[in-house]
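I opened this entry to keep track of what I looked up. My notes follow the order in which I checked things.

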Amino acid sequence: MQCTRCEGLMVTDHLLDMQESYGPMWMRGWRCVSCGNVVDPLIQRNRMRQNSPGARAPVSSIEAQPSGLDKLIA
């Protein structure tokens with residue numbers, strides 16, 4: 001497997017999540033030996049979800065807040 005960041009060699013690694021879970025959680029993932037990029041099943045699932053055709057682009061904070069200018073001008 002090639003790294004998506006630097007195209008280096010990815011090797012299997014055992015990852016430990018000590019902060020985000022209720023207890024120590026082990027999972028198998030991939031780590032690049034060149035740049036240290038880590039990919040695990042959760043990262044892959046989130047990337048596929050973002051790249052799916054039905055995924056929405058994030059809305060900027062300016063677009064998300066309606067301005068009251070239309071009401072003041074009318």
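**Entry 1**

I started with Arg31, which is partly exposed at a relative accessible area of 31%. My classes are buried for under 20% relative accessible area, exposed for over 50%, and partly exposed in between, with a 1.4 Å probe and protein chains only. The model is a predicted one, so I noted its limits: local features need pLDDT of at least 70, side-chain atom pairs count only at pLDDT 80 or more, and totals for chains, interfaces and linings use all residues. Residues are numbered from 1 along each chain as its sequence is written, and side-chain values use heavy atoms, with hydrogens and water left out.

Which side chain meets Arg31 in a salt bridge? I found Asp13, at 2.5 Å, N to O. The pair links distant parts of the chain: Asp13 sits in strand S1, Arg31 in strand S2, and they are 18 residues apart. A salt bridge here is a side-chain nitrogen of Lys or Arg within 4 Å of a carboxyl oxygen of Asp or Glu. I looked for the total, and the structure holds one salt bridge. Asp13 counts as partly exposed, at 21% relative accessibility.

**Entry 1: Overall layout**

I listed the elements next. The protein has three helices and three strands. Their pattern along the sequence is β-β-β-α-α-α. I took both from DSSP runs, numbered from the N terminus: helices are H or I with at least four residues, strands are E with at least two.

How many of the residues count as buried? I get 12% of the 74 residues. The protein exposes about 6,700 Å², and carbon and sulfur atoms supply 56% of that. These areas come from the Shrake-Rupley method with a 1.4 Å probe; for residues, only the protein chains shown count as cover.

I also checked contacts, meaning heavy atoms within 4.5 Å. Among contacts in the protein with a separation of 6 or more, 26% join residues 24 or more positions apart.

**Entry 2: The sheet**

I traced the sheet. Three strands form an open sheet in the order S1-S2-S3, and the pairing is antiparallel. S1 and S3 are the edge strands, each pairing on one side only. Two strands pair if DSSP finds at least two bridges between them.

S1 (residues 10-17) and S2 (residues 25-32) pair over eight bridges. In this pairing I see Thr12 opposite Trp30 of S2. S2 and S3 (residues 38-39) pair over two bridges. There, Arg31 stands opposite Val38, and Trp30 stands opposite Val39.

S2 and S3 form a hairpin with five residues between them. I checked the turn, and Gly36 has a positive phi of about 85°.

**Entry 3: Asn37**

Is Asn37 buried or exposed? I have it as buried, with a relative accessible area of 5%. Asn37 lies in the loop between S2 and S3. I listed what Asn37 touches, not counting residues up to four places away in sequence: Cys3, Thr4, Arg5, Met10, Trp30, Arg31 and Cys32.

The side chain of Asn37 also makes a polar contact of 3.4 Å with that of Arg5. I count a polar contact as a pair of N or O atoms within 3.5 Å; within protein, one must be able to donate a hydrogen and the other to accept it, and residues adjacent in sequence count only if both atoms are side-chain atoms.

I moved on to Val11, found in strand S1. Val11 is partly exposed, at a relative accessible area of 32%. Leaving aside neighbours within four places in sequence, Val11 is in contact with Gly29, Trp30, Arg31 and Val33. Val11 and Val33 are 22 residues apart in sequence and 7.1 Å apart in space, C-alpha to C-alpha.

Which residues make the nonpolar surface patch of about 250 Å²? They are Leu9, Val11 and Val33. Patch residues have over 30% relative accessible area and no salt bridge; like charges are joined within 9 Å, nonpolar side chains (Val, Leu, Ile, Met, Phe, Trp, Tyr) within 5 Å.

**Entry 4: Glu7**

Most residues other than glycine have a negative phi. Glu7 has a positive value, near 65°. Glu7 lies in the segment before S1 and is exposed, with a relative accessible area of 59%.
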